[in-house]
Amino acid sequence: MRKVLCSPGSYIQEADALKALADEYRELGSAGAYLIVDPFIDSMYHDLIVSGFETTGTPYHYEVFRGECSMTEVNRHKDLLAGNDVVIGIGGGKTLDTSKAVAHFASTPVIICPTAASSDAPCSRLSVLYTDDGQFDRYLPLPKNPDKVIMDTTIIAKAPARFLVAGFGDAYATWFEAAACIKSSAVTMTGGHATNAAEAMARLCHDLLVADGVKALAAAKKGLTTPALEQVIEANTLLSGIGFESSGLAAAHAIHNGLTVLEGTHRYLHGEKVAYGTLAQFVLEDRPTADFEEAFGFFRAVGLPTTLAGIGIADATDEDLRKVGELACDPADTMGNMPFEVTPADVAAALRAVNELDAVIG
């Protein structure tokens, strides 16, 4: 049996890490860094981001991300890249996925600098592409993981707490999707089966979230860096990133992708929709009541959605939910990694059942 574990070249987590960004770049390139920066982060931290390049005379080109990780945006940056020899993405998940895709098509190294611990995307050899109007398009597998992932805990602690919570939703799914893939002996996006190390990381990710998530959120609401926040930053980013990629995705993420077909969900973050997808996966698996109690309890404590209203589709019809199921069960998605067959009707029923369980699970 072929087993594969993939990881970034380096994972760096420390306070004020972006101040040394030019130094990190010079370990990989010399002709010039190509920076793709989230517009909000540009408005807040522009001078900090460029300071190291300016003071050391390190060449760079700076572009602001336009908001959607689509091939239109990827091609725009690819056309502007010119002679720059390293792509650096700074911001949220879609900015980072765009940066990885641009580096892939340009055959350059890439440095990923998340400014919130909001998803498990930073460490992966994968970009999630959307249409220009925000509907899920496809997964873009990449030949390698980022060369560096840099987590500036000073900036991450000051990010809106909702982003951290969304990261909890994305990361909480990791262990349960990994377990489903291991049970079905699924082949992951890395082209192999889960290693013991990846499985252990996925489980540790879950355990750290449950142990430290509420404490970390309290700190993040005040912009404070605490040991609990440090723990969940690593869980949301490194452990979930390696755990999902090298153990596999299953129903929770497939359902997230299906939910993008309904416009009402578009204003909700990736991890918020994944959280609801995890609860729906629990229904599909008929997991023990204790698992539902833990998940509902944790989600309520940190503010993750447990109802259809919580993801913007309180008035979803049965036909709407069936459309979600049809996209979630697309053969190109990860629903096929479940250890049993799942139909669009099964998904629609699970989505509705979660909404009803919210009223009865304490």
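This is a predicted model: local features need pLDDT of at least 70, side-chain atom pairs count only at pLDDT 80 or more; totals for chains, interfaces and linings use all residues.
**Exercise 1. In which sense do strand S6 (residues 126–130) and strand S7 (residues 136–141) pair, and over how many bridges?**

Residues are numbered from 1 along each chain as its sequence is written, and side-chain values use heavy atoms, with hydrogens and water left out.

Solution. 
- Step 1: Strands (E, at least two residues) and helices (H or I, at least four) are DSSP runs, numbered from the N terminus. Two strands pair if DSSP finds at least two bridges between them.
- Step 2: apply them. S6 and S7 pair in the antiparallel sense, over 5 bridges.
- Step 3: pick out one bridge. Leu129 has Arg138 in S7 as its bridge partner.
- Step 4: look at the turn. The two strands, S6 and S7, form a hairpin with 5 residues between them, and Gly134 in the turn has a positive phi of about 95 degrees.

**Exercise 2. Find the aromatic pairs and classify the one formed by Phe282 and Phe292.**

Solution. 
- Step 1: A pair of aromatic rings is described by the distance of the centres and the angle of the planes. Here rings of Phe, Tyr and Trp (its six-membered ring) pair if their centres lie within 6.5 Å; planes under 30 degrees apart count as stacked, over 60 as edge-to-face and the rest as tilted.
- Step 2: count. Searching the whole structure gives 11 aromatic pairs.
- Step 3: check burial. Phe282 has 0% relative accessibility and counts as buried; Phe292, at 7%, counts as buried as well.
- Step 4: widen the view. Ring pairs join Phe282 and Phe292 into a cluster with Phe168, Tyr172, Phe176, Phe298 and Phe299.
- Step 5: The charged end of Arg287 sits over the ring of Phe282, 5.3 Å from its centre. The test asks for NZ of Lys or CZ of Arg within 6 Å of the ring centre and within 35 degrees of the ring normal.

**Exercise 3. Which residues have the most contacts inside the largest nonpolar core?**

Solution. 
- Step 1: A nonpolar core is a set of buried Ala, Val, Leu, Ile, Met, Phe, Trp, Tyr and Cys residues joined through side-chain atoms within 4.5 Å.
- Step 2: read off the answer. The largest core has 84 residues, and Phe168, Leu209, Ile255 and Met335 have the most contacts inside it. Helix H6 (residues 161–184) gives the most to this core, with 10 residues.
- Step 3: follow Ile255. Setting aside neighbours within four places in sequence, its contacts (heavy atoms within 4.5 Å) include Gly277, Leu284, Val324, Met335 and Leu351.
- Step 4: Ile255 is one of the buried residues of H9, a helix in which 9 of 9 residues are buried. The buried residues of H9 pack against S6, S7, H6, H10, helix H12 (318–328) and H13.

**Exercise 4. How many disulfides does the rule give, and how far is the sulfur of Cys181 from the closest cysteine sulfur?**

Solution. 
- Step 1: apply the rule. With a disulfide taken as a pair of cysteine sulfur atoms within 2.5 Å, the count is 0.
- Step 2: take Cys181. The closest cysteine sulfur, in Cys205, is 15 Å away, too far for a bond. Cys181 is buried, at 2% relative accessibility.
- Step 3: take Cys205. The closest cysteine sulfur to its own is in Cys123, at 11 Å, again too far for a bond. Cys205 counts as buried, at 0% relative accessibility.

Terms used: Buried means under 20% relative accessible area, exposed over 50%, partly exposed in between (1.4 Å probe, protein chains only).
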